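Subject: Structure handover

Hi,

Here is the structure I promised to pass on. Please open it and keep it on screen while you read.

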Amino acid sequence: MIGELLENRLLAAALVVIAVPFVLVGYILFVEWILRRAPRRAADVLRPWLWLGPALVFLGVFLVYPTFATIGRSLMNRKGDEFVGLANFEWFFTQDSTLTALRNNALWVILLPLFVVGIGLFIAVLVDRVRYEGGVKTVVFLPMAISFVAAGTIWKFLYDLDPNVGTFNAVVTKLGADPIAYTVIQPWNNFFLILVGVWLLTGFAMVILSAGLKGISVELLEAARVDGATELQIFRRVIWPLLLPTVAVVATTIVIYALKTFDVVYTMTNGNFNTDVIANTMYQMLFNNGQPGRSAAIAVILFLAIVPVMIVNIRRFQEQEAVR
């Protein structure tokens, strides 16, 4: 049976490898055939729409339709055959468990960008234009090559209560103290989970901020030094204002991750010990409790929480493009 399943997967993969380029080339030839036979003015109007057509279809099928389908599902009962209005949303805002998840997400949204951007900026400024810059950045960026699930598994072993397994408790017990249940002790367990996200994402922030830092004119910094400014004054009065747009972009990216964080919590605690977050609650409602309506309502709440952040980010990009 396993051999048959593997054979079917290989056949499906081969069909995809052959069919996708074939369909793509066929569509290109079909579009050009239509445009050559259309009047010039009509061809100029049709050309962008024919080339954008496949992308718009994919967006409609895989993004727009699921969004509206999820909103519709959030207004239905468990079986999806009866309209219940906002009952699923009322349930979300009246349950202690979901409010705890909301509180934990707020902690992630506040602390994760604060630490990631702060540490990333500190490293970027500290190692800027030194001989070992490349080596330091490589070490800090390495966790980005690890998936969030793998990182959660690694840190679960680091936090293990058994000193023979958990690295941190091995150190703690060697110092003569009792082992610490990092993922159980409340409310500090949330901070220990957020630390995993900081370890993962600091490299991303450092690389982006370092690129922005190198875009600042060296002559401008030298002029400030000639005028007698200290390094701290240069950072506050020159570097920070020029780097602020980049910091804002990195921060909003991290905020979006914090809002939809799931992998680390699911892998390390599965939301137990008051560490649950909105995305994990949504997953549990759908796959463990069989409540697609409530799960969809949580998805809509998460979507509505992310939209304002995206709007702010888009407006900032538009302002930057207007200045250029």
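Below are the findings, grouped by topic.

One caution before the details: this is a predicted model.

Start with helix α10, which covers residues 231-259. It has 29 residues. A straight helix of that length would span 42 Å. In the model, the end C-alpha atoms of α10 span only 36 Å.

**Salt bridges**

How many salt bridges does the structure hold? There are six. Three of them are worth a visit.

Begin with E32 and R47. Their closest N and O atoms are 3.7 Å apart. E32 sits in helix α1 (residues 2-37), while R47 sits in helix α2 (residues 40-74). The two are 15 residues apart, and the pair links distant parts of the chain. E32 is partly exposed, at 25% relative accessibility. R47 is also partly exposed, at 34%.

Next, find K214 and D128. This salt bridge has its closest N and O atoms 3.0 Å apart. K214 lies in helix α8 (residues 188-214), and D128 lies in the loop between α4 (96-126) and α5 (133-141), so the bridge ties together parts that are 86 residues apart in sequence. D128 is buried: its value is 13%, and the cut-off for buried is under 20%.

Now go to helix α9 (residues 218-226). R225 forms a salt bridge with E222, with the closest N and O atoms 3.2 Å apart. These two residues are three apart in α9, which means they are separated by about one helical turn. An α-helix has 3.6 residues a turn, so residues three or four places apart point the same way. R225 is partly exposed at 34% relative accessibility. E222 is partly exposed too, at 40%.

**A charged network**

Some of the salt bridges share partners. Which residues do they join into one network? The members are D128, E133, K137 and K214.

E133 is in helix α5. It counts as buried, at 11% relative accessibility. The side chain of E133 makes a polar contact of 2.5 Å with the side chain of K137. The E133 side chain also makes a polar contact with the side chain of K214, at 3.1 Å. K214 reaches D128 as well: their side chains are joined by a polar contact of 3.0 Å. Go from K137 to E133, then from E133 to K214, then from K214 to D128.

Take V64 as one example. V64 is found in helix α2. It is partly exposed, with a relative accessibility of 40%.

The peptide bond between Q186 and P187 is cis, with omega about 0°. P187 lies in the loop between α7 (167-174) and α8.

N270 has a positive phi of about 55°, although it is not a glycine. You will find N270 in the loop between α11 (263-268) and α12 (278-288). It is partly exposed, with a relative accessible area of 32%.

F273 has a positive phi as well, near 60°, and this residue is not a glycine either. F273 is placed in the loop between α11 and α12. Its relative accessible area is 39%, so F273 counts as partly exposed.

**Where to look**

Then visit K214 and D128 for their salt bridge. End at Q186 and P187 for the cis peptide bond.

Best wishes

How values were computed: Residues numbered from 1 in each chain as written. Predicted model: local features only at pLDDT ≥ 70, side-chain atom pairs only at ≥ 80, totals over all residues. Heavy atoms only, no water. Helix = DSSP H or I, 4+ residues; strand = E, 2+ residues; numbered from the N terminus. Expected span 1.5 Å × (residues − 1). Salt bridge = Lys/Arg side-chain N within 4 Å of Asp/Glu carboxyl O. Buried < 20%, exposed > 50% of the residue type's maximum accessible area, 1.4 Å probe, protein only. Polar contact = N/O pair within 3.5 Å; in protein donor to acceptor, adjacent residues only side chain to side chain.
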